[in-house]
Amino acid sequence: MYLRNGKIGIFDLASKELVEEEFVEGSSWKRMSTISIADDLASKHGEDSLILGTGVLTGSFVPSSCAGIARGPSGSDGLPRLMPIMGFAGFELKLSGFDFIVVKGVSERPGYLWVRDGMIDLVSAEGLRHLDSWARTDKVRADQGDSKIQVIAGGAWCDSKHPQSQAIIDYWGGDDKSGIGAELGKKNLVAIAFRGMGELELAEPEGHFEDAILMMREHVVKLGANHGLASYSEVADRGDFKKLLHRNVGCYGCPFPCRSYLKISEDPKELRLVAKEPGYLHYDIPALRKAFEVGLDAKDATVALMKCAKAGAEAHSVLKWASEISSKVTLASVDEVLADPADAKRSRIEHPPGNFESSFGDTETYRTCLGMGLCPRYWAKVGFDMPEVSLFAKDLVGRTVPARDA
Amino acid sequence: MRLKIDPLKCVRCGLCEVACSLNRDSVLTPMTSSIMLHVDDKANYFGLVLKTGGSSVVLARPEGTSSGQQAGSSGGPGAKPILLREVCDLCEGSPRCALICPTLCITVVD
């Protein structure tokens with residue numbers, strides 16, 4: 001099977017046992033969608049399962065083929081929780097040797113899932129429960145001896161199972177707008193970490209490489225100069241934001257990054273590795289917009305989003321509550337909300353606006369794009385064209401897949 | 001012919017690593033590449049390391065590019081140590097990393 005490992009890992013947290021199932025790819029884009037497959041796996045293994053998976057195109061040379069997903073049980077809206085997994089985490093998940101991972105049951109004690117090279121272990125992590133998401137990521141990477149391990153970490157809010165908690169990927173927030181973080185807490189997981197030395201075969205490597213380069217070059221010409229998050233949203237197109245901008249960063253395979261790193265504790269022009277935690281990576285458009293709306297400047301907005309990420313709290317919701325308890329939102333009022341997830345629970349629960357979810361005007365295109373393993377934000381920007389993407393199928397998976405079946 | 005790396009143009013998309021491995025083994029993986037991303041996420045410090053000889057490397061760091069020797073004890077960036085990786089062979093005249101680099105961070109010069 002091309003671009004796949006051919007394997008689903010089903011891990012029971014209660015028994016700590018891994019069962020493997022063969023993964024068989026569907027014949028249409030719809031049946032190949034990560035989201036559809038995750039729905040099927042939830043029906044088979046239990047709706048309370050937490051399911052991680054990658055798209056058929058994840059890790060290819062198709063531009064911005066970085067995405068995976070996490071699917072959790074239905075939230076208050078009755079729909080399954082769905083979180084895109086961006087950055088390098090999607091590709092790394094695929095390289096870990098599994099196409100999908102189904103996490104069942106509840107761990108007796110706090111622990112983290114360690115997924116690598118076709119193996120999954122539950123690592124006891126009592127001590128990590130008291131750490132924030134950044135320290136958890138640091139600890140997992142240090143303990144396993146590799147700084148490139150991708151970590152989906154929770155924080156205090158996730159541990160408290162707060163519906164507005166947020167799973168954090170490699171220190172940054174913005175992927176989880178559906179409360180997958182709370183699902184980590186419910187399963188007594190402090191993190192899920194993955195790394196892999198996998199290799200993915202292609203039907204026609206040369207053909208795919210050449211076609212992808214042509215497409216990427218067309219995109220680069222069409223998109224013009226990149227300004228990071230400001231190229232995707234006016235929210236980052238302001239003086240105080242630009243003043244703190246250090247460098248823009250792409251996810252795997254992205255030629256036109258939306259991630260802008262602001263330095264707040266050292267000169268943004270400092271290129272050397274001096275401070276260990278000098279700033280924060282912005283790509284959470286609704287949270288940043290909310291921060292500016294409640295009166296924070298770019299520096300305080302950066303600090304606020306960093307605090308939320310460390311706590312594993314959804315930043316838009318936190319800032320909204322901060323504005324309800326204080327006539328002028330400051331970092332102190334953000335701290336006040338973050339300090340006690342149980343107290344914040346008393347506030348009205350509302351779904352935060354989508355981040356990547358808002359890339360397209362409609363949910364269906366978002367799910368189609370994400371389900372293939374592509375970044376919805378990039379593809380909304382460049383123009384998502386199913387027939388164009390479908391042309392890659394023959395070289396990638398060795399057969400044609402009709403665009404109309406998406 | 002050699003590769004020229006302008007590290008400040010890098011957006012750490014990682015395509016160079018995978019393109020390099022593709023040329024070597026016809027599979028998608030960053031594990032067998034001669035060019036490697038070096039990343040410190042929290043500080044947003046990132047650059048490229050290119051293996052050019054037995055223990056010779058080009059370090060394309062944000063503060064500048066330099067040539068040097070890889071320390072024998074160093075594992076280097078990633079799970080597979082630099083010392084265990086193949087030396088860049090410039091893909092026999094058409095370096096894949098330069099072809100796919102979307103920002104012209106990696107270019108070919110004479």
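Colleague: At what angle do helix α11 and helix α12 of chain A pack?
Modeller: In this predicted model, α11 (residues 315–325) and α12 (residues 331–339) of chain A pack at an angle of about 110°, with their axes 9 Å apart. Axes are lines fitted to C-alpha atoms over the stretch in contact, and angles run from 0 to 180 degrees between N-to-C directions. The two helices are therefore roughly perpendicular to each other (65 to 115 degrees).

Colleague: Which residues of α11(A) meet α12(A)?
Modeller: Val318(A), Leu319(A), Trp321(A), Ala322(A) and Ile325(A) do, and their counterparts in α12(A) are Ser333(A), Val334(A), Glu336(A), Val337(A) and Leu338(A). Contact requires C-beta atoms, placed from the backbone, within 7 Å.

Colleague: Turning to chain B, how many of its residues are in contact with chain A?
Modeller: 26 residues of chain B are in contact with 41 residues of chain A.

Colleague: And which element of chain B gives the most to that side?
Modeller: α1(B) does, with three residues. Helices here are DSSP runs of H or I with at least four residues, and strands are runs of E with at least two.

Colleague: What about strands β12(A) and β2(B): parallel or antiparallel?
Modeller: They run antiparallel, and two bridges join them; pairing needs at least two bridges found by DSSP. Within β2(B), Val27(B) is the bridge partner of Glu201(A).

Colleague: What are the conventions for numbering and confidence?
Modeller: Residues are numbered from 1 along each chain as its sequence is written, with chains lettered from A and ligands numbered from 1 in the order in which they are written. As the model is predicted, local features need pLDDT of at least 70 and side-chain atom pairs count only at pLDDT 80 or more, while totals for chains, interfaces and linings use all residues.

Technical notes. Two residues are in contact if their C-beta atoms, placed from the backbone, lie within 7 Å. Angles under 35 degrees count as roughly parallel, over 145 as roughly antiparallel, 65 to 115 as roughly perpendicular and the rest as oblique.
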